[in-house]
Number of protein chains: 2
Amino acid sequence: MRVLVTGAAGMVGRKLAERLAHEGALGGEALSQLTLLDTVEPATPDAAARAVECVVGDLAAPGTLARLIADRPDVVFHLAAVVSGEAESDFDKGYRVNLEGMRLLLDAIRGQGDAYRPRVVFSSSIAVFGPPFPDVIGDDQATTPQTSYGTQKAVAELLLADHSRRGLADGVSIRLPTICVRPGAPNRAASGFFSSIIREPLNGEEAILPVPEDVRHWFASPRTAVGFLLHAATLPRDALVGRRSLTMPGVSATVGEQIAALRAIGGDEAVRLIRREPDETIMRIVGGWPQAFDARCALELGFTAEESFEQIVRIHVEDEIGSRVA
Amino acid sequence: MRVLVTGAAGMVGRKLAERLAHEGALGGEALSQLTLLDTVEPATPDAAARAVECVVGDLAAPGTLARLIADRPDVVFHLAAVVSGEAESDFDKGYRVNLEGMRLLLDAIRGQGDAYRPRVVFSSSIAVFGPPFPDVIGDDQATTPQTSYGTQKAVAELLLADHSRRGLADGVSIRLPTICVRPGAPNRAASGFFSSIIREPLNGEEAILPVPEDVRHWFASPRTAVGFLLHAATLPRDALVGRRSLTMPGVSATVGEQIAALRAIGGDEAVRLIRREPDETIMRIVGGWPQAFDARCALELGFTAEESFEQIVRIHVEDEIGSRVA
């Protein structure tokens with residue numbers, strides 16, 4: 001079983017690579033090759049006794065994907081992307097990486113011929129949705145993205161689905177919830193506070209909350225995101241006929257519920273580290289985001305997420321903090 | 001007012017060009033230039049006393065669109081497309097014309113800079129929808145195309161919407177119903193019988209009906225399709241904020257209702273010219289097509305369609321047959 005991961009130095013990519021290297025197998029088959037591509041050197045997973053190849057390269061540059069696909073990986077996890085904020089500020093880069101990247105990948109696969117038809121697991125996003133939408137968004141909701149990033153994800157989903165329908169690939173696009181709790185330093189994304197109001201207080205540091213407690217959003221842990229990717233990689237081909245773009249399950253929680261979960265795990269002392277500093281701009285941006293989904297198709301296909309925000313916080317403690325808390 | 005029409009030699013493009021040349025104006029402004037592009041020589045409209053330029057060229061070839069956009073048309077009707085059957089049989093050609101064509105158009109517009117922001121009216125299609133869908137499809141239905149043609153239309157819609165949101169164009173995509181009654185010779189499209197069971201009998205010729213009378217579909221006349229395009233060209237810019245891909249209104253009719261309309265206008269002698277010859281392949285294809293839409297957004301924006309299939313047949317008689325019948 002040969003596996004290629006694009007965007008392997010990103011937060012989810014790194015965790016996916018570590019998990020694959022640790023398990024040494026995917027879908028019951030031993031890994032014979034694990035190739036990790038990113039624009040910066042992907043960390044070699046700790047458990048990498050087996051063949052791990054790290055490739056530094058621009059997936060949208062001529063030849064990069066063609067060379068990697070020439071190895072005929074059985075599964076491609078296509079995670080590489082210019083993130084939302086950058087895709088909005090750098091129009092050309094966003095289209096080049098997020099849209100042309102998918103086209104080049106599909107062209108490279110098709111170029112192999114011989115009925116080569118790898119499973120392609122594409123990390124899409126709930127950013128494909130835009131208002132107006134219902135409080136709970138179903139599987140048949142139109143994709144009306146309000147950002148270039150969301151547009152590029154929606155287009156890449158369509159291209160992957162059409163190539164799959166025509167037998168030129170075997171794709172599944174999974175629309176990830178907002179990943180929470182993101183490990184690492186605070187970032188300046190509009191969504192950053194959803195993670196920082198948990199992460200910083202559990203680390204004894206202050207965090208800023210720019211929105212009211214009744215703001216509701218849709219979450220999954222990094223561990224669960226990796227679980228989605230692995231499950232998507234091993235779904236039987238005939239399970240995907242007719243629908244290859246799947247909204248993932250998640251936890252719908254208000255900021256107030258996030259804070260209650262923080263209190264349950266970190267106590268009042270943690271909650272006291274949240275400083276309220278309302279920010280009209282962030283409130284406006286977040287006000288246009290989805291609050292909850294009825295991810296029926298994905299649930300029927302066996303994708304599973306957390307059942308509460310408290311569980312998401314516990315996973316963060318287990319995976320990132322270890323025994324220091326709880 | 002300068003106007004560019006791509007795909008001007010097609011059935012709808014020709015009628016649009018004739019109407020524009022006849023009226024000599026669009027949205028109350030006199031036409032100073034009407035440029036007609038197609039891969040074959042577009043017919044010069046009869047009423048063309050004013051500046052009509054016919055250009056034969058491949059819109060996906062380097063430079064074609066850049067040259068035409070350098071004239072800075074105020075309105076671009078982008079109708080050029082590889083049709084459904086050909087986009088399915090010639091994968092590369094379909095993507096090149098239907099998807100790259102839109103990208104080249106948008107790049108050419110953006111390349112002009114200086115806040116040049118023409119209205120782009122894009123002829124999309126109900127082929128962006130695929131089963132499963134409800135009996136009546138609303139404005140928020142997901143686009144899950146089951147053909148490469150539908151995929152290319154859905155992608156082009158997304159690209160046009162994102163460029164418009166960013167102020168790089170001023171686009172509106174209109175999803176046309178199945179155009180009926182198509183003038184001219186029978187074609188081999190799976191949908192051809194919807195027109196031929198009206199057109200041929202009114203012409204004293206036999207037509208073949210390959211499906212049962214309870215098959216239901218979604219129709220508009222060629223005249224109404226041109227009306228949609230003209231209305232889309234003149235909508236105020238602020239009417240389009242937030243939703244630039246619009247399902248057009250139409251008439252939902254069964255084949256039985258089509259035949260009743262034919263009887264009302266052509267009499268029993270016309271209906272007797274329909275020969276039933278069930279075709280499993282066509283039944284299967286047509287079985288996956290939409291039956292009816294609730295096109296609320298378009299109706300609110302003032303788009304209007306026929307109110308009955310009989311009206312569609314009367315328009316065919318008026319526009320194509322003249323006084324010979326009825």
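**Close-up views of a predicted model**

**View 1. Where domain 1 of chain A meets domain 2 of chain A.** In this predicted model, eight residues of domain 2 of chain A are in contact with twelve residues of domain 1 of chain A. On the side of domain 1 of chain A that touches domain 2 of chain A, seven residues are nonpolar, three are polar and two are charged. The domain assignment of chain A places 2–177 + 222–247 in domain 1, while 192–218 + 251–292 + 306–324 make up domain 2. Taken over C-alpha atoms, the centres of these domains of chain A are separated by 28 Å.

**View 2. Two packed helices of chain B.** Two packed helices are described by the angle between their axes and the distance between the axes. Helix H8 (residues 255–271) of chain B packs against helix H11 (residues 309–321) of chain B at an angle of about 50 degrees, and their axes are 8 Å apart. H8(B) and H11(B) are therefore oblique to each other, and their crossing is right-handed. H8(B) contributes B:Glu257, B:Gln258, B:Ala261, B:Leu262, B:Ala264 and B:Ile265 to the contact, and H11(B) contributes B:Phe309, B:Glu310, B:Val313, B:Arg314 and B:Val317. Sorted by class, the residues of this contact of H8(B) with H11(B) comprise seven nonpolar, one polar and three charged.

**View 3. Where chain B touches chain A.** Between the two chains, eleven residues of chain A are in contact with eleven residues of chain B. The side of chain B that touches chain A is made up of five nonpolar, four polar and two charged residues.

Notes. Residues numbered from 1 in each chain as written. Chains lettered and ligands numbered in written order. Predicted model: local features only at pLDDT ≥ 70, side-chain atom pairs only at ≥ 80, totals over all residues. Contact = placed C-beta atoms within 7 Å. Nonpolar A, V, L, I, M, F, W, Y, C, P; charged D, E, K, R; others polar. Axes fitted to C-alpha atoms, helices over the stretch in contact; angles between N-to-C directions. Helix = DSSP H or I, 4+ residues; strand = E, 2+ residues; numbered from the N terminus. Parallel < 35°, antiparallel > 145°, perpendicular 65-115°, else oblique. Left-handed = near helix turned anticlockwise from the far one by under 90°. Domains from an automatic or database assignment.
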